[in-house]
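I opened this model to look up a few places along the chain. My notes follow.

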Amino acid sequence: MSSEQMAKPDVHLSVENIGGIDELSTSFEPGVTVLSGRNATNRTSLLRSMMAVHGSDDVALKGDADEGFVELTIGDDTYTRTLRRQGDSIISGGDPVLDDTELADLFAFLLETNDARRAVASDDDLRDLIMRPVDVESINEEITSLQQRKREISDELSNLSNLSAKLPTLEQRRTKLQDQIDEKETELAEKEREVEEYDASVSDRQEAESKLESKLGELRDKRGEIDDVDRRIKTEKQSLEALESEQDELEADAEELPDVAGGQVSEIESKISRLRTRRQEIQSTINELQSVIQFNEEMLSGTSSDVVEALRGSKSSENGSVTDQLVADQQVVCWTCGSEVDQDDIESTIDRLRSLREDKLDESRSFKQELSELQDEKSTYEQRQRERDRIERRLSEIESEQDTRQARIEELKSRRSDLEGEIDSLEQTVDELESEEHGELLDLHREANQMEYDLGRLRSDLEDVEDEIASIEAKLEERDELEATRDQIDSELKELRTRIERLESEAVEEFNTHMDEVLNALEYDNLERIWIERTERRVREGRKKVTKSVFELHVIRTNEEGVSYEDSVSHLSESEREVTGLVFALAGYLIHDVYETVPFMVLDSLEAIDADRISRLVDYFADYADYLVVALLEEDAQAVDSSYPRYSPA
């Protein structure tokens, strides 16, 4: 045992009323464990029990029991799976190792009916099987979402580029305004000096000047107030424009969203409910078939000795030594009616039951896929409805805010109208004062007043320009972060787009590498190489043709002269097909990292492979699983490394 294996904890398994097992308790060490015995000695039932506690549904309750359970302890962690008969159905519960056993069922639980093992013999689509656990639809949705986010960031960066192009013009405008302000301040200071000098020479007119100055001050204040109102009106109008723009975008988004009627979701929920009910019915049928098949297998192999002896006893008084007759005539006593029937007839019936069970398993998987698709469709409809509700809420908020701002604009316009009336009145008063004998002083005050007004406008314009420059510079600071985010999205998109292709390439590489190594170890006569070629083919999907990746399996042999030639996959011997299927399952086990979540790998039904090659194959697989449990016939088990622990469930 390697140091790495010794670091793994021992595990303990307890089983009651599962398959053909009444009660069983055993422990497994890290590495290889060999289940040795003749046929129908509950080896497969033990393997299915281990699969059940991981979460697999390919398990049956013992025919004469109403309840059963499996318990697996790994170090400090304990996992359970319970089965309970309820009418014609089997209800499962407990806390299994896995929530989803698809990967384990495909690539770790390698019983005779395992899809990956059978893929080669059945000429199934190898590529589709190896990619079955990959949620391609989810990957495509993630790609679409990232593309949308990238477009949004690109739009933001484009807007920032436009803003950046405005900076030089704004900075020139700021410099020009600063120069104009400096010039105007100088002019105002000069004008105020002139007013002071004039005031010093005409002190007797102070009362008239004071009244004029007061009116000019009022006029200046009113003009400043009307400028403030104009700015507020401008701000409100800009806010309205922004709201209208957002409103247009939201309405456009709403138009792009398909209508989602409440009846659609209800219909999907009804379909989901019907499918779940139908799948539960099929699963119950599968469990019943499994129990029937297992019972018949045990009866056929003679393991249920009490029933057999009872049947023999009922016949012995009439026919003498029934056992001798059964051996001679290859007949058995029917355990339902007690009559003698050909063993081949019973085996044929069991085969038909197995075929029916496989059909039901396929139907169950089909329903599972359809359920997943309906759940996705329901989620999509619900997401669209949530998005539509969000848009409608925001549109309602925008409409309310538009009304508020429009009312505010009307109030400001009314205030501006009032101010214009007050300014007209003040200007009339000022004109009347100017008509009196204060012409020169009045001119000076009027000019100074106008300069102050112009200076205020220039300062206000400068403040607006500086605010806009500061806003642009603040937004431009986000550009580096946005560009980094866009680069990250590009990397994620590249990874997502190549993930499927990478998995396919890894699967081909893993299979070809391990197939070469296994064939070298097993030394088949004239079988030089078995390898997969990844190619692309145009196939029809619905009404259109698409390019689809396919895995083509090639077989290379050598003739008596040592010349290589390509042979047909259909010409592989049963042993060669079994080995190829197992290696294909191993490739899936490795590329999907099944070993990270599934501690066990189980092997069964290796009788088509000779004992010496089984031994080498087990040694090879032992390097890739923490716990490898292999069910073997007694004569095959003798060829396996004697250091591997043995266990006989019977």
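I looked up D253 and found it in helix α7, residues 206-256 (helices are DSSP runs of H or I, at least four residues, and strands are runs of E, at least two, numbered from the N terminus). The model is predicted, so local features need pLDDT of at least 70 and side-chain atom pairs pLDDT 80 or more, while totals for chains, interfaces and linings use all residues. Residues are numbered from 1 along each chain as its sequence is written, and side-chain values use heavy atoms, with hydrogens and water left out.

Next I checked S425, in helix α11, residues 343-434. S425 is partly exposed at 41% relative accessibility. Its C-alpha atom is 9.3 Å from that of L219, although 206 residues separate S425 and L219 along the chain.

Then I turned to the rings. I counted 5 aromatic pairs (ring centres of Phe, Tyr or the six-membered ring of Trp within 6.5 Å; planes under 30 degrees apart are stacked, over 60 edge-to-face, the rest tilted). F28 and F600 are edge-to-face, 6.0 Å between centres and 80° between planes. F28 sits in strand β2 (residues 21-28) and F600 in strand β13 (residues 600-603), so this pair ties together parts 572 residues apart in sequence. F28 is buried at 2%, and F600 is buried at 1%. F600 also stacks with Y627, with centres 5.0 Å apart and planes at 25°. Y627 lies in strand β14, residues 627-632.

Conventions: Buried means under 20% relative accessible area, exposed over 50%, partly exposed in between (1.4 Å probe, protein chains only).
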